[in-house]
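Hi everyone, thanks for coming.

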Amino acid sequence: SQVAQRQQHKLVVTWRIEVEEIGQRLARQNDELAEHTKELKARAETITDLKAQLSQAESDVKKTMNQLQQMNRKVNEYLDKYTRQTAYIKQQEAVWKAAEAQRMLTQMDDDSDQEAA
């Protein structure tokens, strides 16, 4: 019976040691889990921040694209106006040259008529 009590005591001590070891492992795992959870939360915040930055960048790009489109329209309007004005000026130059040529011909005819007379 004493042997049985010693064996039982030894068994109880062994179980207590094992229970303590299991408790320590669980505590370490809980600490690691808490650390991983903290890390994941930090990563989630970083991802949220990056998403917000991306959204802002997309908004900025759209705004810039709209500004570029407006500027492009203005440039095209200016080029159209410039082309029309250039065509008008060339037409007026042609009219002026034709009138000048006509004036010169008329003057030559008048000079010929005066010489003949």
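E100 is partly exposed, with a relative accessible area of 25%; buried would be under 20% and exposed over 50%, with partly exposed in between, using a 1.4 Å probe and protein chains only. This is a predicted model, where local features need pLDDT of at least 70, side-chain atom pairs count only at pLDDT 80 or more, and totals for chains, interfaces and linings use all residues. Residues are numbered from 1 along each chain as its sequence is written, and side-chain values use heavy atoms, leaving out hydrogens and water.

Which residue does E100 meet in a salt bridge? Its partner is R103, at 2.4 Å from N to O. A salt bridge here means a side-chain nitrogen of Lys or Arg within 4 Å of a carboxyl oxygen of Asp or Glu.

The whole structure has 2 salt bridges. In E39 and R43, the closest N and O atoms are 3.6 Å apart. These residues sit 4 apart in helix α1, again about one helical turn.

Helix α1 covers residues 2-116; by definition, helices are DSSP runs of H or I with at least four residues, numbered from the N terminus.

Finally, M71, V75, Y78, L79 and Y82 form a nonpolar surface patch, with about 530 Å² of accessible area together. Patch members have over 30% relative accessible area and no salt bridge, with nonpolar side chains joined within 5 Å and like charges within 9 Å. V75, for one, is partly exposed at 39%.

Technical notes
Helix = DSSP H or I, 4+ residues; strand = E, 2+ residues; numbered from the N terminus. Areas by Shrake-Rupley, 256 points an atom, 1.4 Å probe, with all protein chains shown as cover.
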